[in-house]
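Please read each point against the coordinates.

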Amino acid sequence: TKVVKKPLETVFSELEFLCANKIEFIYIADANFGIFKEDIQIIKYLIDLKKKYGYPKTVTLENAKNHLSRVLEIQELLIVSGLSLYYKISVQSPHDEIKKNIERVDIPFEEHLAAVRKLKEKYDAPIQVETILGLPGDSYQLTLDSIDLFQVEGIDSYRPSIWNLLPETPAYSPEMRERFKLQTKQFELYSFPFRYKLDKEKDHGVNTFQSAQMLLSENVIGTYSYSPKEWCDMLVVIAISCSANTLGMGVITKYLKETYGINPSYLYDFIYKELIINKEFSDINLNTKLGEIPYNLYRLINDPNQTSIEFDIDPEFPLLFSLPVYFTFLIMLYPQDFFTTLCNKLAEKFSDDKFIDLITYLTGIMIDINYDPDTKRKFICNHNWHSYYTINTQLTNGVYEYIINDELLKHSGSIDFEESDFPKILDPIQKMKQFFYHRASNPARKKYAQYISERKL
């Protein structure tokens, strides 16, 4: 209930010192940035420093929960200046029982979303919702319900943060621990989607951390409403849902909803419980690497010596990944096997051959590591999947020709890495690395083609 303020002149001098010394990434760690009118001055000063020194490149912050107009002004300033690539909505939880347990009163999510959508109309950028995973009352089913709520509302990215206990907060007390039956584990928390291994050389222009021993924080992995294993399952299904829109799986969730009345979370639960756990993919590498996800999480909660939660795609690859980025990158490396297995299983479950036709569409629109912008790509489907998904036309049978015309293998608005011609690179690790930088490093951006033409033959 008390906030200690540092003199504004001191804040300005510290920020100028950082920017003059070419600090690329600044994370404003205040729990409620935007609570004071002076916070807008801080952002404007950072924008001036970027103009003066070229730094920082990126600014991330934690929004105030009950000062909507000020938060929106800050978000707009960050987007226009290029210091942020997305709008962020920060809420503790959308569920009443959880908010009651933590005695939290936020601005209604619907009100916050409506305001951010107005900004999105002015400046096209993804909307990201940030909640806290595993608060008292949470569960695997409520996680699925949250996914459905946010996806129905058209949120581009839903990324819950792991709940860590901080001294001096109410939940840290012995009374609250007992009341909610909190189970905790000490491990490292990182905010970046990827970072370099200590023994690997950093590439110019890539804004991320290098591996180093981080301080351990006490993180909640179980309460009266969910077990540590269920906590792991919640993390996995969230990671799958985070990847869905960027990988093009929205066409599947749309078809399931409109044809069978099934919510999006069904698909992600199906991928996890039916395909990943049962190792149903035909490619042994995909099975093994996806199987690492629950295995690593279970090891984290059961092995006292395991204190990190990162994923390594290859010993020779220089980067370690957060869970959502790891899952997304794997599908981008193995799209044919992933979508073939998924759609064949759905076709079998629903006795619906349209899912078979979706294999061609989903693999065809993916800008995978083998896509060549010089030759482009052309393929044929038996349904108008693209217009059905993007402009809500009726799904019709026919012969539809698709042409992929993407020439720039960089995301619009992504971090400005050096130019790369990865389709021509022969070394597999170097090619995969450049492919990651240009196509997979930004978690919020679409990974499939941006220029898709559909023509009925």
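This is a predicted model: local features need pLDDT of at least 70, side-chain atom pairs count only at pLDDT 80 or more; totals for chains, interfaces and linings use all residues.

**Notes on selected side chains**

1. The place to begin is T253, which counts as buried because its relative accessibility is 9%, under the 20% limit. T253 belongs to helix α9, which spans residues 250–260. Leaving out residues up to four places away in sequence, T253 touches I262, P264, L267 and Y268.

2. D352 is buried and yet has no salt bridge. The nearest side chain of opposite charge is that of K354, at 4.5 Å, whereas a salt bridge requires a separation within 4 Å.

3. The side chain of D352 does have a polar partner: a polar contact of 2.7 Å joins it to the side chain of Y260. When neighbours within four places in sequence are set aside, the contacts of D352 are Y255, Y260 and A347.

4. Aromatic pairs number 27 in the structure. One of them is formed by F12 and Y45, which are stacked, with 4.1 Å from centre to centre and 20° between the planes. This pair links distant parts of the chain, since F12 lies in helix α1 (residues 8–20) and Y45 in helix α2 (residues 38–53), 33 residues apart. F12 counts as buried, at 19% relative accessibility.

5. Y266 and F270 supply another stacked pair: the ring centres are 6.0 Å apart and the planes are at 20°, so the pair meets the stacking criterion of under 30 degrees. Both residues lie in helix α10 (residues 264–276), and because they are 4 residues apart there, about one helical turn separates them. Y266 is partly exposed, with a relative accessible area of 25%, whereas F270 counts as buried at 8% relative accessibility.

6. Ring pairs also build a cluster, whose members are F194, F311, F317, F321, Y326, F329, F422, F435, F436 and Y437.

7. Which rings have a charged side chain over them? Y172 is one example, with R177 lying over its face at 4.7 Å from the ring centre. Y388 is another, with the charged end of K254 sitting over its ring, 4.8 Å from the centre.

Technical notes: Residues are numbered from 1 along each chain as its sequence is written. Side-chain values use heavy atoms; hydrogens and water are left out. Buried means under 20% relative accessible area, exposed over 50%, partly exposed in between (1.4 Å probe, protein chains only). Lys and Arg count as positive and Asp and Glu as negative; His and the chain ends are not counted. A polar contact is a pair of N or O atoms within 3.5 Å; within protein, one must be able to donate a hydrogen and the other to accept it, and residues adjacent in sequence count only if both atoms are side-chain atoms. Contact means heavy atoms within 4.5 Å. Rings of Phe, Tyr and Trp (its six-membered ring) pair if their centres lie within 6.5 Å; planes under 30 degrees apart count as stacked, over 60 as edge-to-face and the rest as tilted. Helices (H or I, at least four residues) and strands (E, at least two) are DSSP runs, numbered from the N terminus. A charge sits over a ring if NZ of Lys or CZ of Arg is within 6 Å of the ring centre and within 35 degrees of the ring normal.
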